[in-house]
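Hi,

Here is the structure I said I'd send over. Have a look at it first, and then read on for what turned up.

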Amino acid sequence: MERLRQRADFLAVANGARANSPAFVLQSRRRDDAGPVRIGFTVTKKNGNAPERNRIRRRLRELVKRLDPVSMHPHHDYVLVGRRDALSRDFATMLDDLRIAFTKPARHTHKGRGQSRTPATSRKPD
């Protein structure tokens, strides 16, 4: 298993499938190459100051170390986005949440600029 380090890789995974948990969001994306599973970690500034963010990141890394690598799909990239609840949530519960996130069907979100409503110019006047 390798780490994601390039911003472009993080952005590509952000457009993939998501699984939510109180302590983190698991984002995933299938790659077309035969490389190993890659995983990245991110914690935004809204989750606290630097020591708190580092603690969240360390807990997420330890979760992945303790997780059975067989549960991860080959040829996939994953990003764990930490949430503030990762500081206070029980570690065993977080590990169970991560196992569930890898097994449940992923909810795919597309971050595109598609038209979700009828534009104002095509509406009929009253």
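This is a predicted model: local features need pLDDT of at least 70, side-chain atom pairs count only at pLDDT 80 or more; totals for chains, interfaces and linings use all residues.

**Overall layout**

The chain has three helices and six strands. Reading from the N terminus, the order of elements is β-α-β-β-β-α-β-α-β. Of the 126 residues in the chain, 39% are buried. If you take the contacts between residues at least 6 apart in sequence, 80% of them join residues at least 24 apart.

**The loop between β3 and β4**

Asp 32 sits in the loop between β3 and β4, and Arg 31 is in the loop between β3 and β4 too. What does Arg 31 touch, leaving aside its neighbours within four places in sequence? The contacts are with Pro 36, Arg 38, His 75, His 76 and Asp 77. There is also a C-alpha to C-alpha distance of 9.6 Å between Arg 31 and Val 13, which are 18 residues apart in sequence.

His 75 itself belongs to the loop between α2 and β5 and is partly exposed, at a relative accessible area of 26%. Its backbone deserves a look as well. Most residues other than glycine have a negative phi. His 75, though not a glycine, has a positive phi of about 65 degrees.

**Helix α1**

Which residues of α1 are buried? In this helix, residues 7-14, they are Asp 9, Val 13 and Ala 14. Looking down the axis of α1, you find the buried residues within an arc of 140 degrees, so they line one face of the helix. Arg 7 and Ala 8 are exposed on the other side of α1. As for what the buried residues of α1 pack against, the partners are β2 (17-20), β3 (24-30), β4 (38-42) and β5 (76-82).

Arg 5 is in the loop between β1 (2-3) and α1. Arg 5 is exposed, at 63% relative accessible area. The C-alpha atoms of Arg 5 and Phe 41 are 9.1 Å apart, and the two residues are separated by 36 residues along the chain.

**How α2 and α3 pack**

Two packed helices are described by the angle between their axes and the distance between the axes. Here, α2 (residues 50-66) and α3 (residues 91-103) pack at about 60 degrees, and their axes are 10 Å apart. The crossing of α2 past α3 is right-handed. On the α2 side, Arg 59, Leu 60, Glu 62, Leu 63, Val 64 and Arg 66 take part; on the α3 side, they meet Phe 91, Met 94, Leu 95, Leu 98 and Arg 99. Sorted by type, the residues of this contact are seven nonpolar, four charged and no polar.

With a relative accessibility of 64%, Ser 88 counts as exposed. Ser 88 and Ile 56 are 32 residues apart in sequence, and their C-alpha atoms are 9.6 Å apart in space.

**The aromatic pair**

How many aromatic pairs does a search of the whole structure find? It finds one. The pair is Tyr 78 with Phe 102, and it is edge-to-face, with 4.8 Å from centre to centre and 80 degrees between the planes. Because Tyr 78 lies in strand β5 and Phe 102 in helix α3, the pair ties together parts that are 24 residues apart in sequence. Both Tyr 78 and Phe 102 are buried.

If you open the model, I'd begin with Arg 31 and its contacts, among them His 75, and then move on to the pair of Tyr 78 and Phe 102.

Cheers

Notes
Residues are numbered from 1 along each chain as its sequence is written. Side-chain values use heavy atoms; hydrogens and water are left out. Axes are lines fitted to C-alpha atoms, for helices over the stretch in contact, and angles run from 0 to 180 degrees between N-to-C directions. Helices (H or I, at least four residues) and strands (E, at least two) are DSSP runs, numbered from the N terminus. A crossing is left-handed if the near helix is turned anticlockwise from the far one by less than a right angle, and right-handed if clockwise. Contact means heavy atoms within 4.5 Å. Ala, Val, Leu, Ile, Met, Phe, Trp, Tyr, Cys and Pro count as nonpolar, Asp, Glu, Lys and Arg as charged, and the others, Gly among them, as polar. Buried means under 20% relative accessible area, exposed over 50%, partly exposed in between (1.4 Å probe, protein chains only). The arc is that of the directions from the helix axis to the C-beta atoms. Rings of Phe, Tyr and Trp (its six-membered ring) pair if their centres lie within 6.5 Å; planes under 30 degrees apart count as stacked, over 60 as edge-to-face and the rest as tilted.
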